[in-house]
Structures are given as C-alpha cells and as structure tokens.
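Subject: Structure for your review

Dear colleague,

Please find the structure below, together with its sequence. My notes on its contents follow it.

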Amino acid sequence: MKKETINKLNDLLMRCLLEDLDDPQKCTPGLYQVVRGVISDNKESLEGIPQDSLDFLEERLSDAIPFKKEAS
C-alpha cells in the first residue's frame, strides 16, 4: 500500500514538473533546482534511456534556462 502511494505521488510530481517546465511564467531558478534534484535522485532510472534522448532533454533544458544565458 505504501509503495503504491509513493508511486502515485512520484507520478504526480513528474507530471507537474513537466507542466511547469512548459510554462514560461513558472520557469524559475527554484524550479530548475528541483528538476535537477529529481534527475540526480533518479540517475539509476536513466541508465536504460538512449543517450540521444538524454542529450535532447539536456539541450532543451539548457535552452530554457534564461538566468543561465544572462550569466554567460
């Protein structure tokens, strides 16, 4: 029962984070920090994902980070 609840919460968190990443008004340094933490916490899950897909995601995130571009 607990594992099912954790999985539901994790799925909801992932959906909400992805929705927030698509909303320019919600794309803040705090959101990117949370996303980075989620990715770090789930690195073992990323091992089965093709490198091309991971590269695409990384590129998309780096293009979407306005404060990083301004600091460069």
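A nonpolar core is here a set of buried Ala, Val, Leu, Ile, Met, Phe, Trp, Tyr and Cys residues joined through side-chain atoms within 4.5 Å. Buried means under 20% relative accessible area, exposed over 50%, and partly exposed in between (1.4 Å probe, protein chains only).

This is a predicted model, in which local features need pLDDT of at least 70 and side-chain atom pairs count only at pLDDT 80 or more, while totals for chains, interfaces and linings use all residues. Residues are numbered from 1 along each chain as its sequence is written, and side-chain values use heavy atoms, with hydrogens and water left out.

Confidence and fold

The mean pLDDT (the predictor's confidence in each residue, from 0 to 100) of the protein chain is 78, and 82% of its residues reach 70 or more. The secondary structure comprises five helices and zero strands, in the order α-α-α-α-α along the sequence. Helices (H or I, at least four residues) and strands (E, at least two) are DSSP runs, numbered from the N terminus. Confidence is highest in helix α1 (residues 2-21), at a mean of 87, and lowest in helix α5 (residues 66-71), at 53. Where pLDDT is low, the predicted coordinates should not be read in detail.

Core and surface

The largest nonpolar core has seven residues, namely Leu17, Leu21, Cys27, Leu31, Tyr32, Val35 and Val38. Two elements, α1 and α2 (29-41), each give two or more residues to this core, and the largest share, four residues, comes from α2. Of the 72 residues in the protein chain, 12% are buried. The chain exposes about 6,200 Å², of which carbon and sulfur atoms supply 56%; accessible areas come from the Shrake-Rupley method with a 1.4 Å probe, and for residues only the protein chains shown count as cover.

Salt bridges

A search of the whole structure finds two salt bridges, a salt bridge being a side-chain nitrogen of Lys or Arg within 4 Å of a carboxyl oxygen of Asp or Glu. One joins the side chains of glutamate 4 and lysine 8, at 3.6 Å from N to O. These two residues are four apart in helix α1, so about one helical turn separates glutamate 4 from lysine 8. Glutamate 4 is partly exposed, at 47% relative accessible area, whereas lysine 8 counts as exposed, at 54%. The other salt bridge links the side chains of aspartate 20 and lysine 26, at 3.4 Å from N to O. Lysine 26 is partly exposed, with a relative accessible area of 43%.

With kind regards
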